Amino acid sequence: MAPKSASKAQLLAKNAELEAANRKLEEEILALRPLLRVVEAQKNTIRCQQQVISSLQKANGGVLGADRAWDFDAPEKEAPQYGDFADDPGEELPDIPRPGLYMVYTDGSCIGNGSKTAPGGWAAVVAVPGGGEVELSGGAKGTTNNRMELIAAIKGLSKVPRGAKVKLVSDSQYVINGLQKGWAKSWRRNGWYKSDGKKALNPDLWKTLLELTEQRQLFYEWVRGHNGHRYNERCDRLAMQQAERLL
C-alpha cells in the first residue's frame with residue numbers, strides 16, 4: 001500500500017505543478033496583449049504607408065518628388081492614419097464629434113528664422129477619443145517659426161469636428177498665450193493692432209485659428225519643448241524633417 005500512497009501524492013504534486021504553470025502562462029499571455037496591439041498597429045502603419053507611397057507614385061508618374069515645397073494653402077503631406085482610420089490614408093475624421101476629449105499636439109520649426117528663403121516645417125498629431133490618431137506635417141520656404149506654429153495648430157484643429165471638446169497642446173507660448181489669454185481676440189477687435197499701437201503679426205493665420213477655436217470647445221496646455229514629452233518630441237521631429245527637406 002505504501003507505493004500506491006506515494007504514487008497518489010506524486011500525482012497530486014504534479015497536478016499542482018501543472019496548475020501553477022498554467023496560471024503563469026495565462027499571466028504571460030495577458031502581459032503580452034499590449035505588445036500584440038502595438039505590433040498590430042505597426043502592421044497597419046506599414047500597410048498604410050505602402051498605400052500612400054503607391055498613390056503618390058501614381059500621382060507623380062511613378063516617381064516620388066522629394067523637392068516639393070509645402071505651404072499653408074497647399075495640400076499638406078498627410079501621413080498614414082491609425083486605428084479606426086487605417087483603411088484609407090486620405091480619410092477625414094467623422095463630422096459628428098465623439099464623446100470625450102480630442103487631443104491636438106502641434107509643433108513648428110524654422111531654419112534661419114525669418115530670412116527670405118528660410119525653410120520651415122509644421123506638424124500635428126490628433127488623438128481621437130476611443131482610439132485612433134491622425135498625423136499631419138508640411139512646410140514652406142521664406143517663413144518664420146511662429147507662422148509654422150500657427151499653421152500646425154490650424155491644421156490640427158481643422159481635423160476635429162465642430163462642437164467637439166479638444167485640448168491644444170503646444171510648446172509655443174506665442175500660440176497658447178495668444179489664445180488662452182485672449183490676446184489674439186483683442187488684436188482682431190482692434191483691427192489687428194496691439195495695445196502698444198504696433199501691427200499684430202500673422203493676422204491671416206490668427207484670423208483662421210480664432211475661427212476654428214470658436215467652433216469648438218477649447219482647452220489649452222503649454223509644454224516645455226525638448227523636455228521628453230512624447231507627442232511634442234514626435235511633432236518636433238516631423239516638423240524638422242519637413243524643414244530640412246526644403247534646404
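Mentor: A residue is called buried here if it has under 20% relative accessible area, exposed if it has over 50%, and partly exposed in between (1.4 Å probe, protein chains only). By that criterion, buried residues account for 39% of the 247 residues in the chain. The model is a predicted one, in which local features need pLDDT of at least 70 and side-chain atom pairs count only at pLDDT 80 or more, whereas totals for chains, interfaces and linings use all residues. Residues are numbered from 1 along each chain as its sequence is written, and side-chain values use heavy atoms, with hydrogens and water left out.

The chain holds six helices and six strands, where helices (H or I, at least four residues) and strands (E, at least two) are DSSP runs numbered from the N terminus. Their order from the N terminus is α-β-β-β-β-α-β-α-α-α-β-α. Contact means heavy atoms within 4.5 Å. Of the contacts between residues at least 6 apart in sequence, 70% join residues at least 24 apart.

The part to examine is helix H3, residues 173–180. Its buried residues are Val175, Ile176, Asn177, Gly178 and Leu179. Their cover includes helix H2 (145–158), strand S5 (165–170), helix H4 (183–189), H5 and strand S6 (217–222). Just after H3, glycine 182 adopts a positive phi of about 80 degrees.

Two packed helices are described by the angle between their axes and the distance between the axes. Axes are lines fitted to C-alpha atoms, for helices over the stretch in contact, and angles run from 0 to 180 degrees between N-to-C directions. H3 packs against H5 (residues 203–214) at an angle of about 55 degrees, and their axes are 11 Å apart. The two helices are therefore oblique to each other: angles under 35 degrees count as roughly parallel, over 145 as roughly antiparallel, 65 to 115 as roughly perpendicular and the rest as oblique. The crossing of H3 and H5 is right-handed; a crossing is so called if the near helix is turned clockwise from the far one by less than a right angle, and left-handed if anticlockwise. From H3, Tyr174, Val175, Gly178 and Leu179 meet Trp206, Leu209, Leu210 and Thr213 of H5. By class, this contact has six nonpolar, two polar and no charged residues; Ala, Val, Leu, Ile, Met, Phe, Trp, Tyr, Cys and Pro count as nonpolar, Asp, Glu, Lys and Arg as charged, and the others, Gly among them, as polar.

H5 also packs against H2, at an angle of about 30 degrees and with the axes 10 Å apart. H2 and H5 are therefore roughly parallel to each other, and their crossing is left-handed. The residues of H2 in this contact include Arg147, Leu150, Ile151 and Ile154, which belong to a group that meets residues of H5 including Asp204, Trp206, Leu209 and Thr213. The contact of H2 with H5 has nine nonpolar, three polar and two charged residues.

The loop between H4 and H5 remains to be considered. Tryptophan 192 lies in this loop and has a positive phi of about 65 degrees although it is not a glycine. Tryptophan 192 counts as buried because its relative accessibility is 17%. Asparagine 202 is found in the loop between H4 and H5 as well, and its phi, near 60 degrees, is positive in a residue other than glycine. Its relative accessibility is 13%, so asparagine 202 counts as buried.
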